[in-house]
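Could you walk me through this model in the viewer, stop by stop? I would like to know what to select and what is there.

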Amino acid sequence: MERLRAVCLALPEVDERVSHGEPTWFAGAGRRARVFVMLADHHHDDRLAFWCPAAAGAQEFLVAEEPELFFRPPYVGHRGWVGVRLDVPPVDWERVEDLVADAHALVTGGGAGPRP
């Protein structure tokens, strides 16, 4: 989790707070801050993962390509969010960084595109 935290906090205007019992990272200032990464530490299932918004079509692509690493998370999956497992070694941290950066750009209007 510490590495995920470092990846998230390295982005501009990011704040970490607990939301729904999990560490959650918000992008933006004040009332405009929006969730872009939420840790899912066995809160809803037996996976250690994080959830983040993804560009249109990215969730379907990632889940189809690597279902052992990516999944459609509950509650937010219907809005295109993707679940990313952190408990399946080895974790591809470069890919995690790309997904987190894309999620940040999506919620801040930075224009992220899919980078599967």
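Here is a short tour, from the sheet to the pockets.

This is a predicted model, where local features need pLDDT of at least 70, side-chain atom pairs count only at pLDDT 80 or more, and totals for chains, interfaces and linings use all residues. Residues are numbered from 1 along each chain as its sequence is written, and side-chain values use heavy atoms, with hydrogens and water left out.

**The sheet.** Select the strands (DSSP runs of E, at least two residues, numbered from the N terminus). Six of them form an open, antiparallel sheet in the order E1-E2-E3-E4-E6-E5; two strands pair if DSSP finds at least two bridges between them. At the edges you will find E1 (14-19) and E5 (70-71), each pairing on one side only. Now pick E4 (residues 48-52), which is joined to E6 by four bridges. Zoom in on cysteine 52, whose bridge partner in E6 is valine 82.

**The largest pocket.** Next, show Val35, Met38, Val76, Arg79 and Trp81, the closest to its centre of the 13 lining residues. A pocket here is an open set of points on a 1 Å grid over the protein atoms alone where a 1.4 Å probe fits, with protein on both sides within 12 Å along at least five of seven lines; lining residues have an atom within 4 Å of a point. The volume, the space filled by probe spheres set on the points, is about 260 Å³. Colour E3 (residues 34-41) too: this strand gives the most to the lining, three residues.

**The second largest pocket.** Finally, select Glu66, Arg85 and Asp92, among the residues that line this pocket. Its volume is about 150 Å³.
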